[in-house]
Amino acid sequence: MHSSGQTLNGSEIFFECLRREHVEYIFGYPGGSLLKVYETLHDVKDIQHILVRHEQGATHMAEGYARATGRPGVVLVTSGPGATNTVTGIANAYMDSSPMVVFTGQVPSSLIGNDAFQEADIVGITRPITKHNFLVKDVRELAITIRKAFFLATTGRPGPVLVDMPKDILNSSCVFEFPETVDIRGFKPTFKCHINEVEKAAQKIAKAQRPLLYIGGGVISAEASEELRTLAIQQNIPVTMTLQGLGAFPGNHPLSMGMLGMHGTYWANQAVNKCDLLIAVGARFDDRVTGKVDTFAPQAYKIHNDIDPTNVDKNIKVDLPIVGDAKNFLATLLEVMPEKKENREPWLSEINAWREQCPLTYSSEDDLLRTEFVIDEVSRQTSGNAVVVTDVGQHQMWTSQFYTFINPRSIITSGGLGTMGFGLPAAIGAAFGIKDRPIVLFCGDGGFMMNVQELVTAVHNKMPVKIFLINNSFLGMVRQWQELFHQEKYSFTDLGDSNPDFVKVAEAFGCKALKADNPESARQAITEALAYNEGPILVDFRVVKKDMVFPMVPAGGSISDMLLARLNPKTMV
Amino acid sequence: MKHIISVLVENKFGSLNRVAAMFSARGFNLESISIGETEDTEVSHMTIVTRGEDQIISQVLKQLNRLVDTIKVTDLTKQPHVERELLLMTLKLSKTVQHEIFELITVFKGKVVDIKQKSITIEVIGSPDKINTTIDIFRPYGIKELARSGAVAIHRGE
Ligand SMILES: Cc1ncc(C[n+]2csc(CCOP(=O)(O)OP(=O)(O)O)c2C)c(N)n1
Ligand SMILES: [Mg+2]
């Protein structure tokens, strides 16, 4: 460790800054513009560099790590193609508000703009998908820029920040000074909620007959689950969560209603439809949640707390906007709320009636293997204590329905961007961050192939990721839409003839692998996989091919359009 | 409704691009945008003219505020403000209309900045409305070339 006041080159400054930001891992891949950095890295022992096999993998790993731990994920890639390969991962982190700092090498300053070898204007390319980005133009600016990047990525609504570092900057030297504080004139997020507004919210809650908490990922990133739990239980308010909000409130508590929205539970969506007070916290009224906005929570007085003012009144006009940190909001609310438990029995029993009317179920009469069973069984065997990562598709929605999330930071999934290929690297990243809970990945047979190269990273680092491959031989979610809305024209969604033998694929990478094609073998495989901790293990679950996820509110539809089961049973299996 | 927004931004490379790109990415209308330095060399002043309903304008203001480079965002529309635009315009010149053109220049408080055998270049400063009228009035004489600066605006002093 060098100290302030020493003369260091840009690469040394880079690592000094990372140390001071308490970075444990860098997910990276070397290249021409970063040779100096990798030269310095050779002797760095206190920060671990994880070599990925594709830069997109590095970004998803960093995000998985960030989401599991709450600390920013760090990515290091070379200029040009290295940088452009990070675009999807950056966009993903931006949409899901994950803290991440991406460092890109750049061609020497004197060549910028000349179409130099491996030059790409990555600052221009990533401007709309980063919270902010920087091109470092002077080595004396490097330390302050890195400090700002971490500050921006982690303060207020988290998000990705990119720092582009030209090769000459990394080679030249200056006196190293690490700025302890940063002040960015144009960046002053509002943390503290306005007390008058919170008091007004408290009054509304006290009077409401049919209140409902609608909870998003903001509650998890603000570490506000405790406060939420106290409020909901003390005031007897049922809680529904978004995909990113799952685990903010324990899924096994009677007040939990699971997820709302397109594939949300019947009772959560009915409750949204009938509630007289909707309290949205750290959620953004995404179209997958609201469906048709005019008919969303039509009877409700709407309170919306969010750290980002642009989320308020964006998709839906609310009655009481409260800008500020979710933890501050909920804690203040608890202070000003009268502590008496309201009688909400009529409302809760109405909800229970909906729950009994259309529960989440799946057929278990035959000996066929269904995704719902696999997820249900994993939930049972891990007692809801795993860090669950998913890819994108049907298996993702079933995970939201059938895994019982009990704690915050238990689901890591691509919600906003819906990025297939996210799951495997994100699970590996989560495994670097969390060592005392099982890391479980549910992944489709389509999405698995999109970043399959990262199996190398998992095997090489002996990461104990349980890769539960939900192999339905289809791009299942697209197939579902084709069946429901596109005249059963199954255009390019059948992977049956072209999928590889996944067990062999895994074994070729040096990854242990099992196969299961009925409930009993699946149960055993899950037990075996959960007990295996020497490295990654893959289970190829040969599930039925044509199952569909219900309930489903078609895109842009209302609760009254909710589909509860297949229209045409002959297309089953 | 038309809104005129004044934005103080960090005088940094890319600031204008960030603002303009945000408008296009979010599908906001952008009628004009102009930028220049201020008394503080680290700060630039931007004047933006946009149109939209109140809910859209409120999003525009919030999205502008959210950009890290923006320091202060003010919707001047409903506040006392001064708004000016510069017009440079080259017109065809002939003996027959010469007289009328000069008279109109005086009416619009314009200035002749260049004059040639067959053309005359003038400048006019005024509110965007006045600039629109000026252009309409001169159009029949034959406009060869025209450039507008876009509006710049600031608060009226106390
Ligand atoms: C990168 C990317 N490409 C395309 C899509 C569109 N898409 C959404 S779900 C899906 C099917 C996913 O299939 P699979 O991974 O097998 O999961 P399943 O739905 O079968 O569980 C596709 C193609 C996407 N979300 N991401
Ligand atoms: Mg599939």
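## Contacts between chain A and chain B

Nine residue pairs are in polar contact between chain A and chain B, both residues at pLDDT 80 or more. A polar contact is a pair of N or O atoms within 3.5 Å; within protein, one must be able to donate a hydrogen and the other to accept it, and residues adjacent in sequence count only if both atoms are side-chain atoms. Strand S6 of chain A (residues 132–135) gives the most to the side of chain A that touches chain B, with three residues. That side divides into seven nonpolar, four polar and eight charged residues. Here Ala, Val, Leu, Ile, Met, Phe, Trp, Tyr, Cys and Pro count as nonpolar, Asp, Glu, Lys and Arg as charged, and the others, Gly among them, as polar.

This is a predicted model: local features need pLDDT of at least 70, side-chain atom pairs count only at pLDDT 80 or more, and totals for chains, interfaces and linings use all residues. Residues are numbered from 1 along each chain as its sequence is written, chains are lettered from A and ligands numbered from 1 in the order in which they are written, and side-chain values use heavy atoms, with hydrogens and water left out.

## Interface area and salt bridges

The contact (heavy atoms within 4.5 Å) takes 19 residues from chain A and 20 residues from chain B. About 1,700 Å² is buried between the two chains, and carbon and sulfur atoms give 47% of it. Buried area is the accessible area (1.4 Å probe) that two parts lose on being put together, summed over both. In chain A, Arg127(A), Arg185(A) and Thr310(A) lose the most area to chain B. Together they account for 37% of what that side buries.

Side chains of opposite charge can pair when their charged atoms come close. Four salt bridges cross the interface of chain A and chain B. A salt bridge is a side-chain nitrogen of Lys or Arg within 4 Å of a carboxyl oxygen of Asp or Glu. Arg185(A) meets Glu42(B) in a salt bridge, at 3.7 Å from N to O.

## The shell around ligand 1

Ligand 1 is surrounded by 17 residues, each with a heavy atom within 4 Å of it. The closest are Gln394(A), Gly418(A), Asp445(A), Gly447(A) and Gly476(A). By class, the shell has seven nonpolar, nine polar and one charged residues. Helices H17 (394–402), H19 (445–448) and H21 (476–485) of chain A each supply at least two residues of the shell. Helices (H or I, at least four residues) and strands (E, at least two) are DSSP runs, numbered from the N terminus.

A polar side-chain atom of His395(A) lies 2.8 Å from an oxygen atom of ligand 1. A backbone N or O atom of Gly447(A) is 2.8 Å from a ligand oxygen atom. For a backbone N or O atom of Met477(A), the distance to a ligand oxygen atom is 2.9 Å. On its own, ligand 1 has 580 Å² of accessible area, and the protein covers 76% of it. Accessible areas come from the Shrake-Rupley method with a 1.4 Å probe; for residues, only the protein chains shown count as cover.

## Chain B

Chain B has four helices and nine strands. From the N terminus on, its elements run β-α-β-β-α-β-β-α-β-β-α-β-β. Its C-alpha trace spans about 55 × 35 × 35 Å along its principal axes.

## Local features of chain A

Over all chains, the structure holds 34 salt bridges. One joins Arg370(A) and Asp547(A), with the closest N and O atoms 3.6 Å apart. This pair links distant parts of the chain, 177 residues apart. Arg370(A) lies in the loop between helix H15 (345–357) and helix H16 (371–381), and Asp547(A) in the segment after strand S20 (537–542).

Pro551(A) is also found in the segment after S20. The peptide bond from Phe550(A) to Pro551(A) is cis, with omega near 0°.
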